[in-house]
Amino acid sequence: MVKPKDITMPENGTSKEELTSIMSRFHEGDANWEQGKTWTYVYNAGSDFTNFIKQAHNRFFMESGLSPMAFPSLKRFEAEVVSMAVDMLRGNKRCFGNMTTGGTESILMATKTYRDWARDKKPAINEPEMIVPESAHPAFEKAAHYFDMNIIRTPLDGNFKADVKAVERAITENTVMIVGSAIDYPTGIVDPIEDLAALAKEHGIGFHTDSCLGGFMLPFVRKLHEEGEDVPRVPDFDFKVPGVTSISADLHKYGYAPKGTSLILYKNQKWWKYQFFAHVEWSGGAYASPTMTGTRSGALMAAAWTIMKFLGWKGYMTLARNTMHAARELQRGIEEIPELSIRGDPVMSVFGCVSNDEKINPYILADQLGKKGWTIDCVDAPQSMHFIVCDHHYQKQIVPLFLEELKETIDDLKDNPVDVADGAAAVYGMISSLPDRDTAKDTVIKFMMDQYKT
Ligand SMILES: *Cc1c(COP(=O)(O)O)cnc(C)c1O
């Protein structure tokens, strides 16, 4: 292990050849997504596709998204990406929004928008609150923390969906926004968005659909279902639902765009305007920006635009069809294994997998599969392995191999039980054994700091 301070700025530069070879060596330790053995993090649609997008990205490598005046091309990319996404999510010409660096930033922006809207329109509120179902992403906790809001977490119903009655009971005079997921990360379900958004509408407050994970998949799964394919029905979650005032949708997940691309969209500019920041008394002149970051990447805007234009409805439909094919194959295979079952009723290609056998702990199972080269994330409540299936799992036809190794590993574990010893299982086990939340938080932060130190 090398401590960062042992690495100093080199006196002389390093040759291109040497750097290239060093990078290849670094890469060897990374999750093996190229063979389709990574069930998380990477959304890939094949190297032909990716190489073309890289060209678009590199074409605008130097341009800066800070000023819409200096680089009208970037303004145009962003506006067209927003407009295409609004169409995909069944909005109308009154909808607006921006590109951001990721789902977290999109969620931060929505939260700031509702807080600032309340400051303007409901000045009596001193301690603004958001109501967020248990299953919604920690980015809402981060947003509440950064923007000094209270977050009320509400329980789920028996099918891992937000309990509408619990949300209704949680509404107070201080509530400024309600959240629902389409889909949620742990289970892959769509919350009852119509009922939740109706509550928000009735109380005259904001409703955010977190479609970071589902935004670039559900519209196409809906169409597949309408065309009679064997995929689940997609409940309404988008701008078609009265009361939905904002939606986050990640381009860098099922949009198949490079990391650092997401969208935050609003029903109309009455909401959108609260997202902006302006400062007019700076010696550098008036300054204004739409999102958290200052300078933004022109390359990412160009890449996102190119992908949406290149694929269109038909291209995304093909990717969704392939993805659902692989996801259904994996789900059916898992359901045939007596020790395992699927968690809840996932709508698309993201799902959790629980154990029915006390000898098989999902975290240990994931660790053991990790030793065979697979990368599998785990989720909690209940403990589950977690799968995100995408186009390249279909292209690589990896599901049969995975199911085979999954069954082998289960048999091995039954014959030779493994203690919670290392890997993710150890970390999760350690965290859950800690006496209270503050200690757990401190421990996790220390763990993360150590990760970045070495
Ligand atoms: C990924 C994700 C987010 C956060 O997105 P980042 O791009 O990681 O910042 C939010 N909500 C859901 C449901 C997600 O899957």
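User: What is the shell around the ligand like by class?
Analyst: By class, the shell holds five nonpolar, five polar and three charged residues, where Ala, Val, Leu, Ile, Met, Phe, Trp, Tyr, Cys and Pro count as nonpolar, Asp, Glu, Lys and Arg as charged, and the others, Gly among them, as polar. This is a predicted model, in which local features need pLDDT of at least 70 and side-chain atom pairs pLDDT 80 or more, while totals for chains, interfaces and linings use all residues. Residues are numbered from 1 along each chain as its sequence is written, and side-chain values use heavy atoms, with hydrogens and water left out.
User: And which residues are the closest to the ligand?
Analyst: Of the 13 residues that surround the ligand, the closest are Gly-103, Thr-104, Asp-210, His-252 and Lys-253, a residue being counted if one of its heavy atoms lies within 4 Å.
User: How far is His-252 from an oxygen atom of the ligand, and what about Lys-253?
Analyst: A polar side-chain atom of His-252 lies 2.7 Å from a ligand oxygen, and one of Lys-253 lies 3.0 Å from a ligand oxygen; a polar contact is a pair of N or O atoms within 3.5 Å. The protein buries 85% of the 380 Å² that the ligand exposes when taken alone, by the Shrake-Rupley method with a 1.4 Å probe.
User: Switching to strand β7, why is it largely enclosed?
Analyst: Strand β7 (residues 262–266, a DSSP run of E, at least two residues) is largely enclosed by the rest of the structure because five of its five residues are buried, meaning under 20% relative accessible area with a 1.4 Å probe and protein chains only.
User: Which residue stands opposite Ser-262?
Analyst: That is Thr-100, and strand β1 (residues 96–100) runs antiparallel to β7, joined by five bridges, where pairing takes at least two DSSP bridges.

Note on methods. A polar contact is a pair of N or O atoms within 3.5 Å; within protein, one must be able to donate a hydrogen and the other to accept it, and residues adjacent in sequence count only if both atoms are side-chain atoms. Buried means under 20% relative accessible area, exposed over 50%, partly exposed in between (1.4 Å probe, protein chains only). Helices (H or I, at least four residues) and strands (E, at least two) are DSSP runs, numbered from the N terminus.
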